[in-house]
Amino acid sequence: MTTNEQNLSPLKPTDRIQSLDIMRGIVLLGILIMNINGMGLARAYADPTISGGYTGWDLTTWITANMFFEGTMRALFSLLFGVGMYILLDRLEKKGAGIKAANIYFRRLLWLLVFGLIHAYLLLWFGEILYNYALMGFLVFSFRYMNPKTLIAIAAFLIIAGTTWDYFDIKSDLEFAEQAKIANQYKSEGKELTDDLKEASKKWEAMQNKRTPASIEEYNENMRKDYFSVVAFLAPFNTKFNEHDSYRYDLWDVLSMMLLGIALFKLNILSAEKSFKFYSVIALICYAIGLSINYHETKLILDNNFSYSAFAKSFYTYQLGRVPTSLGHVALIMIFCKLPILRWLKTSLSAVGKMALTNYVMHSVFAMFIFTGVGFGLFGTLQRHELMYIVFAIWIFQLIVSPIWLKYYQFGPLEWLWRNLSYLKRHPIKR
């Protein structure tokens with residue numbers, strides 16, 4: 001089979017799978033519920049006692065996010081990315097693209113990696129994930145021909161491997177916490193500390209110093225400075241994430257979900273083709289398992305007053321909670337896609353999903369102007385529940401603007417740029 005460059009073009013709007021776009025739109029909006037905490041508060045993404053409040057509505061906000069959104073939106077985002085890259089390759093290969101398919105695929109990932117670095121360092125979001133997706137996307141290429149069962153088995157293996165690594169890290173954290181406790185007791189009793197206890201005490205004090213009001217206010221002030229000062233302040237955080245998290249977490253957290261996503265797509269689960277009964281059973285089973293574990297973790301943390309040890313112990317079952325809950329979300333979203341209701345909302349969510357890259361980066365642009373000294377400098381001034389007002393405002397904006405944009409243009413601006421760079425040719429953007 002032969003082909004030419006003119007046949008190799010981005011997916012047409014009429015060829016898209018609506019359920020994937022709707023799901024991508026929901027996940028894109030949902031992930032902001034988690035990200036906004038890092039965008040607007042100092043060191044309080046997981047622990048609400050550090051900043052942002054942990055009583056009343058702030059506590060309710062934290063519990064809701066911890067139960068339903070922590071880890072699950074990231075999992076679904078990864079799942080959808082894997083599906084998207086698989087569809088790209090599959091479509092190109094069916095057109096007889098040959099080696100050109102690989103060229104387009106890897107150029108696409110290389111530019112995504114560049115976008116990720118720009119997003120993190122210049123658009124000031126140190127929690128960005130495009131860089132990580134690009135790295136894991138390079139590995140996805142080798143798994144595209146595998147059958148669903150094999151993909152699920154590999155994903156399960158990766159999750160188990162990551163959980164095993166987590167187990168030993170958690171065990172080490174708990175031992176450290178116990179040593180720090182003993183060291184503090186020895187100090188109060190005037191006893192001499194061993195070298196190990198001195199080291200644990202020093203490390204514990206450094207951790208506690210980062211939680212002090214003075215340290216948090218210093219962090220807040222750094223985030224409210226001018227643009228280049230904030231770039232310099234966040235650069236070490238970005239470097240740490242890129243150097244450490246990529247090898248420590250991405251294989252088990254990101255790649256596993258990408259492979260699982262491809263498997264679910266090959267099984268026709270993500271195209272809303274299964275029956276209502278199928279999705280309802282999946283939702284009930286997965287939510288029963290996932291939310292029960294998430295409730296146990298949340299209760300453990302609350303019962304122990306957000307202690308360091310409680311947070312550490314809650315991660316023993318992290319993957320056991322987030323993966324089933326994520327699959328429950330998938331089933332519920334597919335049911336929503338199949339129901340003949342709220343067509344206007346589906347249209348808006350689909351538009352948000354079609355412009356996922358643009359809308360994702362737009363979150364950071366909004367955050368930069370709202371929270372840093374580039375704009376209003378509100379970093380650290382809002383409580384956790386008040387950040388949700390900003391989330392809802394961004395949701396409304398993107399749900400309104402995205403379909404309007406796509407009424408006149410074929411792609412979002414960043415999607416259009418990404419396609420041009422991937423295919424090495426300029427595609428028309430206007431309809």
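This is a predicted model: local features need pLDDT of at least 70, side-chain atom pairs count only at pLDDT 80 or more; totals for chains, interfaces and linings use all residues.
Residues are numbered from 1 along each chain as its sequence is written, and side-chain values use heavy atoms, with hydrogens and water left out.

**Stop 1: α1 and α16**

Select residues 18–40, which are helix α1, together with residues 384–408, which are helix α16. Helices here are DSSP runs (H or I, at least four residues), and strands are runs of E of at least two, numbered from the N terminus. The two helices pack at an angle of about 140 degrees, with their axes 9 Å apart. Axes are lines fitted to C-alpha atoms, for helices over the stretch in contact, and angles run from 0 to 180 degrees between N-to-C directions. That angle makes α1 oblique to α16; under 35 degrees counts as roughly parallel, over 145 as roughly antiparallel, 65 to 115 as roughly perpendicular and the rest as oblique.

α1 passes α16 in a right-handed crossing. A crossing is right-handed if the near helix is turned clockwise from the far one by less than a right angle, and left-handed if anticlockwise. Now show the side chains: the contact (heavy atoms within 4.5 Å) includes Leu 28, Leu 29, Leu 32 and Ile 33 of α1, and Leu 387, Met 388, Ile 390 and Val 391 of α16.

Stay in α16 and centre on Leu 387. Is Leu 387 buried or exposed? At 0% relative accessibility, Leu 387 counts as buried; buried means under 20% relative accessible area, exposed over 50% and partly exposed in between, with a 1.4 Å probe and protein chains only. Leaving out residues up to four places away in sequence, Leu 387 touches Ile 36, Asn 37, Gly 40, Leu 41, Phe 371 and Leu 382.

**Stop 2: Leu 76**

Next, pick Leu 76 in helix α3 (residues 72–94). Leu 76 is buried, with a relative accessible area of 1%. Apart from neighbours within four places in sequence, Leu 76 is in contact with Met 23, Val 27, Ser 326, His 329 and Val 330.

**Stop 3: α5 and α10**

Gly 137 also takes part in the contact between α5 and α10, where Tyr 133 and Met 136 of α5 and Leu 251, Val 254 and Met 258 of α10 are among the other residues involved. Select α10 as residues 250–266; its axis comes within 10 Å of that of α5, and the two cross at roughly 55 degrees. The helices are therefore oblique to each other, and α5 passes α10 in a right-handed crossing.

**Stop 4: aromatic rings**

Switch to Phe, Tyr and Trp. Rings (for Trp, the six-membered one) pair if their centres lie within 6.5 Å; planes under 30 degrees apart count as stacked, over 60 as edge-to-face and the rest as tilted. By this rule there are 30 aromatic pairs. One of them is Tyr 105 with Phe 141, a tilted pair at 5.4 Å centre to centre and 50 degrees between the planes. Tyr 105 lies in helix α4 (residues 99–121) and Phe 141 in the loop between α5 (130–140) and α6 (148–189), so the pair ties together parts that are 36 residues apart in sequence. Both residues are buried.

Then select Trp 204 and Tyr 308, an edge-to-face pair at 5.7 Å and 80 degrees. Trp 204 belongs to helix α7 (residues 195–209) and Tyr 308 to helix α12 (residues 308–314), so this pair links parts that are 104 residues apart in sequence. Tyr 308 counts as partly exposed, at 26% relative accessibility.

For a group view, select Trp 125, Phe 126, Tyr 219, Phe 233, Phe 237, Phe 241 and Phe 379, which form one aromatic cluster.

**Stop 5: charges over rings**

Finally, show Lys 203 with Phe 176: the lysine lies over the ring face, at 4.5 Å from the ring centre. A charge sits over a ring if NZ of Lys or CZ of Arg is within 6 Å of the ring centre and within 35 degrees of the ring normal. Arg 248 lies over the face of Trp 165, at 4.3 Å from the ring centre.
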